[in-house]
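Keep the viewer open as you read.

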Amino acid sequence: MDNAIVATHDTHVEEHHVELPQLRHHFETEEQQREAGTFGMWLFLLTEIMFFGGLFFAYLLYRNWYNPAFVAASNQLSIPLGTVNTAVLISSGFFMALGVWAAEVRKKSLLVLFLILTNIAGLAFLGVKAVEYKEKWDKHHIPGAHFDITEFVNPPLNPKTGKPVEEPLSPDMAQKTQLFFVLYFAMTGMHALHMVIGIVLLFWLTYRANRGEFTEGYVAPIENFGLYWHFVDIVWIFLFPLLYLINRHPGT
Amino acid sequence: MSAATIVNLPDQKTAVIPKKNYINAEDGILSWLFTADHKRIAILYLISITFFFLVGGTFAGLIRLELLTPQPDLVASDTYNKLFTMHGIVMIFLFLVPSIPATLGNFLIPIMIGTRDLAFPKINLLSWYLYMFGAIFLSAAIVLGGVDTGWTFTTPLSTHYLNTHVVTAGLGVFIVGFSSIFTGLNFIVTIHRMRAPGMTWFRLPLFVWSNYAASVLMVLGTPVLAITLVLVVLERTIGIGVFDPTKGGDPLLFQHLFWFYSHPAVYIMILPGFGVISEVMSTFSRKRVFGYSAVAFSSVAIALFGFFVWAHHMFIMGVSNYSALVFSLLTMLVAVPSAIKVFNWSFTMQKGSITFETPMLYALAFIGLFTIGGLTGVFLGSLGMDIHLTETYFIVAHFHYVMVGGMLMAFLAGLHFWWPKLTGRMYPESISQLSAVTSFIGFNLTFMPQFMLGYLGMPRRYHSYPPEFQVLNVLSTAGATVLGFGFLMPVLYLLWSLKYGKIAGNNPWQATGLEWQIQSPPLTENFIEMPVMDHEAYDYEWLAHKTEQEVTTVG
Ligand SMILES: [Cu+2]
């Protein structure tokens with residue numbers, strides 16, 4: 001074996017920390033492993049941004065082209081439910097942040113508690129989302145063969161004023177509300193899929209946290225999951241105004 | 001260091017295969033299928049992509065055979081459509097995209113930067129499984145009756161008019177995409193966080209730089225392809241209307257999203273090839289790569305520009321004149337960093353002590369063919385020319401000059417160059433020199449006539465043509481036959497060399513990279529003691545000096 005290039009490696013760093021079983025053989029130090037994990041997670045989230053990016057691009061394009069249809073369709077979404085869900089999701093993110101803190105200060109029962117709270121909030125979000133999807137189903141606003149545009153062509157009348165609650169759309173423009181709902185379901189569905197994956201991971205992490213795996217100084221999985229969970233939150237923070245809030249009643 | 005340092009090749013008679021290495025570290029097929037060793041995963045990839053290269057090559061052969069005569073006689077029209085589609089899909093997604101990164105990159109990057117493995121070994125293995133899983137989908141699509149959308153999955157053709165296995169193929173490409181995302185992610189993290197002490201960014205071999213640039217493209221581009229394919233599949237299965245004009249959707253949106261990935265994908269395929277050429281040029285000229293930092297930064301520049309030229313695939317599709325102008329200009333800008341590379345490689349050879357072993361022959365072939373491929377790209381990037389040449393054989397010839405003449409030649413250069421490191425044995429030199437020359441001649445004979453055919457107006461993707469084009473088509477098919485032999489030979493003699501090749505020794509080329517300073521084939525953990533880098537990359541004086549002082553130790 002050829003030795004000219006190898007020199008004894010500076011072992012100074014390693015002396016100062018306790019070797020943990022979680023240190024994989026190919027990392028020099030635990031710090032390197034932790035940095036690599038976090039960096040990898042950030043990169044993964046970057047790919048996620050690009051993944052959602054395609055949908056956002058399509059949404060912005062079509063919103064611009066078929067603005068009246070998109071406005072009318074977005075008026076169908078429930079702001080109260082959306083707001084509740086936003087609050088639920090933000091508190092879920094808050095619990096997650098507390099969970100990371102609990103892992104760092106090595107408090108096992110707190111960590112488990114916060115992970116469970118995170119999970120409950122996540123499940124609540126999906127529950128509200130299911131209620132919203134159900135309403136779209138009942139109104140025939142699911143894109144496909146049963147999609148119904150009546151409500152956009154002949155909006156119901158306001159009992160007090162006797163005028164339509166919405167500006168009626170031409171049948172042609174009303175067809176374009178279907179595109180709104182396609183993108184609505186694609187984006188919120190993709191977001192919900194990420195939530196479901198996150199919740200499955202949360203159950204697993206809670207189980208491992210309960211065995212004390214993350215409160216002995218090895219917090220990387222909790223930290224990295226936290227990054228993922230916050231990312232899913234942030235996607236919603238963009239989706240909520242884009243789908244529910246902006247320009248609901250033009251001209252008023 | 002100005003002049004080249006002349007080093008004599010070592011006597012290989014005394015070399016022996018090391019008793020312990022990554023190949024014999026564990027036995028049994030399961031030890032390969034569940035390995036986390038980047039070198040074994042590289043070998044798994046090498047076997048899989050070679051298989052699919054042969055599959056894609058067979059399709060190419062059938063296409064050329066059909067085009068021997070002006071009449072449609074060998075296959076029916078729709079079979080022909082399936083042949084060129086599956087040739088494209090298999091070659092691009094199952095061979096070219098993973099070719100250098102997943103095999104040579106996987107094997108070499110950890111060693112080159114002086115570490116034991118990639119940052120995430122299990123994710124590395126997962127990439128290979130995703131690749132195979134996607135490949136199964138694509139194979140199913142082929143076996144069940146094929147796809148005929150063209151590799152571009154163009155809407156509304158793919159969503160409304162075809163009755164073939166578009167969904168299966170689309171899902172296959174979707175899954176393979178995640179394999180390349182994870183490979184790219186693994187490389188970026190590894191290169192950032194795992195470098196050996198003293199291995200600064202500007203001491204990295206250029207192979208690492210170019211794979212890094214390609215990884216950035218994989219990580220940023222592939223997810224867009226993934227979501228686009230999801231939308232195509234949904235459009236086809238439940239008719240969501242995003243790409244359907246009758247429902248207000250726009251097929252042009254598909255084009256934008258698809259080419260946003262698929263133009264950078266060209267650089268995903270070619271950038272790792274650039275890296276190989278830098279290594280090979282330096283080694284066989286025994287000189288530091290001329291303008292190291294220019295070559296390194298040009299990789300990054302290509303990756304960056306590569307994201308802003310996609311609409312040059314859409315000049316005839318009704319994009320506005322102004323955006324066409326901008327995209328045309330940006331396209332031509334990409335030629336600048338590419339030319340920087342070609343000039344620097346040429347200057348590397350100047351006053352070097354050049355020898356013409358097989359990797360060098362392939363690398364020289366690369367430079368010639370890539371230059372032609374790149375320059376014809378400028379033709380196509382200019383608006384007026386593009387209207388005349390697009391969708392003709394000129395385009396076909398152009399991208400084959402880049403992808404086959406460029407990337408495949410680079411892959412073969414790299415495979416021969418590092419074969420001693422991968423296997424511990426040499427390939428047979430004279431027959432492989434013959435195969436390099438054969439491929440070069442066969443390649444030009446195949447694709448040069450296609451430039452002329454395209455300029456004369458023969459459209460691509462048709463299986464019959466006017467009789468006056470027959471002479472050039474016969475030439476092209478004859479060339480393809482020669483090329484086929486050129487590519488088949490390495491498969492055979494490399495397999496032969498596994499058993500009968502001369503034992504290579506640690507550093508048969510007297511190259512400077514870290515990978516050549518360890519045993520071949522390497523140990524599972526690569527290095528006995530972790531290396532410390534105390535010199536620049538391509539420092540031949542360091543190497544000469546080192547050899548003088550070397551003490552023979554018992555291994
Ligand atoms: Cu392009």
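Start with the copper ion, which is coordinated by ND1 of B:His263, NE2 of B:His312 and NE2 of B:His313, at 1.7 to 2.0 Å. Donors here are N, O and S atoms within 2.8 Å of the metal (3.2 Å for Na, K and Ca), and water is not among the atoms, so sites may look incomplete. Along the chain, the copper donors follow the spacing H-x48-H-H. B:His263 sits in helix 8 (residues 251–285) of chain B, while B:His313 is in the loop between helix 9 (292–306) and helix 10 (321–349) of that chain, so the pair ties together parts that are 50 residues apart in sequence. Helices (H or I, at least four residues) and strands (E, at least two) are DSSP runs, numbered from the N terminus.

A word on what you're looking at: this is a predicted model, where local features need pLDDT of at least 70 and side-chain atom pairs count only at pLDDT 80 or more, while totals for chains, interfaces and linings use all residues. Residues are numbered from 1 along each chain as its sequence is written, chains are lettered from A and ligands numbered from 1 in the order in which they are written, and side-chain values use heavy atoms, with hydrogens and water left out.

The cut-offs are under 20% relative accessible area for buried and over 50% for exposed, with partly exposed in between (1.4 Å probe, protein chains only).

Now zoom out to chain B as a whole. It has 16 helices and zero strands. Its radius of gyration is 23 Å, close to the 24 Å that the globule rule gives for 555 residues, so chain B is as compact as a globular protein of that length. That radius is taken over C-alpha atoms, and the rule is 2.2 Å times the number of residues to the power 0.38. The C-alpha trace of chain B spans about 75 × 45 × 45 Å along its principal axes, and buried residues make up 62% of its 555 residues. Take the contacts (heavy atoms within 4.5 Å) in chain B between residues at least 6 apart in sequence: 83% of them join residues at least 24 apart.

Not counting residues up to four places away in sequence, B:Ala397 touches B:Phe447, B:Gln450 and B:Phe451.

Chain A is next, with eight helices and zero strands. Of its 252 residues, 49% count as buried. In chain A, residues 24 or more positions apart account for 77% of the contacts with a separation of 6 or more.

To finish, find A:Asn224 in helix 8 (residues 220–245) of chain A. Which residues does A:Asn224 contact, leaving aside its neighbours within four places in sequence? They are A:Gly37, A:Thr38 and A:Met41. At 13% relative accessibility, A:Asn224 counts as buried.
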